[in-house]
Amino acid sequence: MHAFPGGALALDFAGTLRYRHRSQPREDMPTPESLGAWFRESGITEREITVEAADLREALTLREAVYRLILATMSGQDYDRDALTLVNDYARKPTPVLQLTSRGRHVEASVEQAFAAVAQDAVSVLGGPDVRLLKECSDPECSQVYIDRSRGARREWCAMDPCGNKFKAAAYRARKRLGGKSRASKVSP
C-alpha cells in the first residue's frame with residue numbers, strides 16, 4: 001500500500017521517494033508492478049496497468065522533474081528548464097478516460113495517460129491558488145510536500161502516522177521525564 005498524504009496527485013507522486021533527507025531514502029516504486037499499483041491506489045485507474053521496466057524508468061524521471069519544480073516553487077527560484085519541459089510535454093498528452101457504466105464511474109488508463117494525469121496535476125497545483133499552501137513535513141527526515149488546508153495553516157506534518165505521532169510521542173515522553181524530575185525534587189529533603 002502506498003501513502004497519499006500530499007493532498008494532490010503530483011505531490012504524492014513526488015513523495016514516492018520517501019525520506020529524501022536521509023542518507024538512504026526509501027523507494028516506494030522499486031518495481032514496474034509497484035508503479036502499476038500506485039496508479040490504481042491513487043485513483044488514476046481502477047485496474048492494474050501493465051507496466052514495463054522502461055515505463056518505471058520514465059516514471060522516476062517524471063517524478064524527479066515534478067519534485068524539482070515543487071522545490072523551485074516553494075523556494076521562489078526559477079524552474080529547471082529540463083524539468084519544466086518534461087512536465088509540460090506530458091501535460092499536453094491525453095489523460096485517463098472516464099466512463100459511466102451501470103455500476104457507476106469507471107476509469108481506464110494507459111501508462112502514458114497516467115503520466116499525463118500526474119503532469120496535469122502538477123501544472124494545476126504549481127500554477128493554481130493552492131501553491132501558497134505548499135509545505136514540507138516538519139519531520140527533518142521526511143521530505144513529503146503537502147497542501148496545508150488546515151484552519152490557520154498550522155499543520156506541521158505530512159500525516160500523523162508516522163511523522164506527527166513520532167513527534168507527539170517524543171514530546172509526551174519529554175514532559176513525563178520533566179514532570180517526574182520536578183516531583184522528585186519536591187519530595188527530597
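**Helix packing and cores in a predicted model**

Helices α3 and α4 cross in a left-handed way, meaning that the near helix is turned anticlockwise from the far one by less than a right angle (clockwise would be right-handed). Keep in mind that this is a predicted model, where local features need pLDDT of at least 70, side-chain atom pairs count only at pLDDT 80 or more, and totals for chains, interfaces and linings use all residues. Residues are numbered from 1 along each chain as its sequence is written, and side-chain values use heavy atoms, with hydrogens and water left out. Helices (H or I, at least four residues) and strands (E, at least two) are DSSP runs, numbered from the N terminus.

**α3 against α4**
- The two axes come within 9 Å and cross at roughly 120 degrees; axes are lines fitted to C-alpha atoms, for helices over the stretch in contact, with angles from 0 to 180 degrees between N-to-C directions.
- On the α3 side, the contact (heavy atoms within 4.5 Å) uses Glu58, Thr61, Leu62, Ala65, Val66, Arg68 and Leu69, and they meet Ala83, Leu84, Leu86, Val87 and Tyr90 of α4.
- By class, that is nine nonpolar, one polar and two charged residues; Ala, Val, Leu, Ile, Met, Phe, Trp, Tyr, Cys and Pro count as nonpolar, Asp, Glu, Lys and Arg as charged, and the others, Gly among them, as polar.

**α4 against α5**
- Helix α4 (residues 81-91) packs on α5 (residues 111-126) at about 120 degrees, with the axes 7 Å apart, and this crossing is left-handed too.
- Val87, Asn88, Tyr90 and Ala91 of α4 touch α5 residues including Phe115, Ala119 and Val123.
- The tally here is eight nonpolar, two polar and no charged residues.

**Nonpolar cores**
- The largest core has 38 residues, with Leu35 and Phe39 making the most contacts inside it; a nonpolar core is a set of buried Ala, Val, Leu, Ile, Met, Phe, Trp, Tyr and Cys residues joined through side-chain atoms within 4.5 Å.
- At least two core residues come from each of α1 (9-14), α2 (32-42), α3 (53-75), α4, α5 and β6 (145-147), and α5 gives the most, with nine.
- Not counting residues up to four places away in sequence, Leu35 touches Phe13, Met29, Val51, Asp55, Leu56, Ala59 and Phe115.
- A separate core of seven residues includes Cys137, Cys142, Trp157 and Cys158.

**Cysteines**
- Cys137 is buried at 5% relative accessible area, and Cys142 is buried at 0%; buried means under 20%, exposed over 50% and partly exposed in between (1.4 Å probe, protein chains only).
- The disulfide count is zero, going by cysteine sulfur pairs within 2.5 Å.
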